[in-house]
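This briefing concerns a helix pair and several backbone features. Please consult the sequence and the structure shown below.

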Amino acid sequence: MSKSTAPAPSRQARERLRAERERAAWRSGRVRHAALTAAVAAVVGTLVAVAIAIQSGRAEDDRPVMPPAGATGHENLIIPSGPANAPATVTVYEDPRCPGCARLEHALHATINRLQDEGKLRVEYHILSFVDRIVPGKGSRFAANALAAAQDVGKFRAFHDALFASPPASENEDTFGNKQALLALGRKVDGMDMAKFTTAVTEGTHDTWVRKVQEAFDRQTEIQATPAVFFKGKDLVTDPEHPLTPTRLTELVEAETSR
């Protein structure tokens, strides 16, 4: 049986077919290039938007620094508590979201209050907000601002005690990131001027001051962790031979009082 053979395409037909295939390939490549360009542009646009958002977040609060009433020290970054003429002074560095700070306050606040009431102790507080940078949230900053707001109305110590008596269960919980939680603590303080306190908490009156306190802390290198409690140039928290207990603190203060 004979085998049928189709006529071979002419040279002109072959050239036309190749040209059509090249055009189709070019069109396909152009589509792919356009899609890739769009995707890259979208990614770049997203990165630019993120960068702008970050920069805006850093620079969004350009209000002047507003220290709380009675703040002392260089650039008014310290909140004092207790009589100015007390024979003994301790300097405390703490963050409202720091669990260790809450444990220290739980152990010592009654002794500190008693020594202050007896006229023997002055405490100078550096209220920090670095935990917000380690664990997502705003609770450190909001709580630090609330402490400054309580200082404005003469209720720093009472609000400070209430705040550290109800700390987040862990650094991962941003309890104080809810300003309503801070206002609820304020309502527990006898005599709190809730109108002024609420305004300062909700508006973040002292947010720029809080940031300045943290920036000053960031520039130093001596203190690497909180809580830190300094007495006569020595951190009592890191003294392995003499644990910081109510008895230890009382002994140190009484020794200064008897001089």
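**Helix packing and backbone geometry**

Helix 5 and helix 6 are oblique to each other, because angles of 65 to 115 degrees count as roughly perpendicular and those over 145 as roughly antiparallel, while their packing angle is about 125 degrees. The model is a predicted one. Two packed helices are described by the angle between their axes and by the distance between those axes.

**Helix 5 and helix 6**

- Helix 5 spans residues 156-165 and helix 6 spans residues 179-187, with their axes 9 Å apart.
- The crossing in which helix 5 passes helix 6 is right-handed.
- Helix 5 contributes F159, A162 and L163 to the contact, and helix 6 contributes L182, L185 and G186.
- Sorted by class, this contact of helix 5 with helix 6 holds five nonpolar residues, one polar residue and no charged residues.

**Positive phi values**

- Most residues other than glycine have a negative phi.
- E75 is not a glycine, yet its phi is positive, at about 60 degrees.
- N76, also a residue other than glycine, has a positive phi near 55 degrees.
- E75 lies in the loop between helix 1 (11-59) and strand 1 (79-81), and N76 is found in the loop between helix 1 and strand 1.
- E75 is partly exposed, with a relative accessible area of 34%, and N76 counts as partly exposed at 34% relative accessibility.

**Cis peptide bond**

- Most peptide bonds are trans.
- The bond from T226 to P227 is cis, and its omega is near 0 degrees.
- P227 is located in the loop between helix 8 (207-219) and strand 4 (228-231).

Technical notes: Residues numbered from 1 in each chain as written. Predicted model: local features only at pLDDT ≥ 70, side-chain atom pairs only at ≥ 80, totals over all residues. Heavy atoms only, no water. Axes fitted to C-alpha atoms, helices over the stretch in contact; angles between N-to-C directions. Helix = DSSP H or I, 4+ residues; strand = E, 2+ residues; numbered from the N terminus. Parallel < 35°, antiparallel > 145°, perpendicular 65-115°, else oblique. Left-handed = near helix turned anticlockwise from the far one by under 90°. Contact = heavy atoms within 4.5 Å. Nonpolar A, V, L, I, M, F, W, Y, C, P; charged D, E, K, R; others polar. Buried < 20%, exposed > 50% of the residue type's maximum accessible area, 1.4 Å probe, protein only.
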